[in-house]
Amino acid sequence: MSGESNGMRPIRVVAEGLCSALGHTLPRTSAAIRSRLNLFRETRFVGLGGKPVVGAPVDGFNVWGGQRQAALARLAFEEAWARARSQEGEQVLPATTALLLLLPPVSQPATPLRELHEVFQGLSTGYGLHRASRAMHAGKGGLADGVQMASRWLDQGGDGEEPIRHVLMLASDSLLTAPTIDRLLAQHRLAEERHTDALIPGEAAAAVMLTRLAPPSSAAEVWITGAASGQDDWRLDGDEPIRAQALTATLREAARQSGIAVADSEFHASGMNGEHWMGREIELAMSRAMERKREQFPHHRIAQFIGDAGTAGAVATLGWISHEMRTNAETGRAGTIRVGRTGLLHFADDDGRRSALILRSRAPAQDTA
């Protein structure tokens, strides 16, 4: 097991975009989640028992494979871009905005790299984005790696003549592909009769705009104040017991960067998808990292509503929780998903990668004139 981190200056979450089984925009998805809805249904894939596999596909697209993931990615990008320009005005400029495309882990089968790189190039050149824009393999366990990359860009300005003022982090992923379904069935990870320790495969695309600039007007703000990543030796098909060492270390490090205790978080959100091993790891890590017991510690899981969308699920969680925290800071009401001013996000992937983020919100400044 190894833990890796770099102390980073806080980064503000400017805007979000999300295309999921619950809707083609973040507000639609968020409204459905507040109503505790999901649209899980039988798919065209057949399970080991001869019955259809239940999944969470996105409606409204008549293209498949890589073209489908590219179409979802474009929608999420355009929503986050339009929302950022609407809220921040001319502070958001294409020439000073870099695109960071987070790809699934190298080990994930059937990733449509050609189509994802084509949409990446199309967005980068079509919008005239900063030439430092790039793609990187991350997976949901590598979300903090993406945030740390964005932090370095915002610090160093990239390799172009223009400085980087904003980073748009984008992911599009699907577990609803034949090779992925075949692998999950072989590993007995999909829900079937007498087997409930399982995930619901989904698909989604998500985007978040990040910056260190202050907002141009008085508004509620959400900041990433800590981001830590680590690598765990445990594997799903191994013989070793879960020890949660990497996740424990990343939780502590993200809190340390933020200048708080892990137990100061008012809630947590994760990539937990219904599999027992994830729940066990989270339980172990929290028992070790929490400095004191919290009587209430709500746990939010977007996979309950949109299925497991892989890498996109992690970016979707960051966007969804940021949106809810900003709304909470603006209205002063906790809302139905019970977020507070300080939240802990954590993610784990099959390849051993682990991530933790601390989010903190700030209410709009009061006009005392």
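Trainee: How many aromatic pairs does a search of the whole structure find?

Mentor: This is a predicted model. Searching the whole structure gives 4 aromatic pairs.

Trainee: What describes a pair of aromatic rings?

Mentor: Two values do: the distance of the centres and the angle of the planes. Take F77 and W81. Their ring centres are 6.1 Å apart and their planes meet at 5°, so this pair is stacked. Planes under 30 degrees apart count as stacked.

Trainee: Where do F77 and W81 lie?

Mentor: Both are in helix 2, which spans residues 65–88. They are 4 residues apart, about one turn of the helix.

Trainee: Is F77 buried or exposed, and what about W81?

Mentor: F77 is buried, at a relative accessible area of 0%. W81 also counts as buried, at 7% relative accessibility.

Trainee: How are the rings of F77 and Y127 arranged?

Mentor: Their centres are 4.8 Å apart and the planes stand at 70°, so the pair is edge-to-face. The cut-off for that label is over 60 degrees. This pair links distant parts of the chain. F77 belongs to helix 2, while Y127 belongs to helix 3 (residues 113–127), 50 residues apart. Y127 is partly exposed, with 25% relative accessible area.

Trainee: Which residues do ring pairs link into a cluster?

Mentor: F77, W81 and Y127.

Trainee: Which residue lies over the face of W64?

Mentor: That is R44, at 5.7 Å from the ring centre.

Methods:
Residues numbered from 1 in each chain as written. Predicted model: local features only at pLDDT ≥ 70, side-chain atom pairs only at ≥ 80, totals over all residues. Heavy atoms only, no water. Phe/Tyr/Trp six-rings, centres within 6.5 Å; stacked < 30°, edge-to-face > 60°. Helix = DSSP H or I, 4+ residues; strand = E, 2+ residues; numbered from the N terminus. Buried < 20%, exposed > 50% of the residue type's maximum accessible area, 1.4 Å probe, protein only. Lys NZ or Arg CZ within 6 Å of the ring centre and 35° of its normal.
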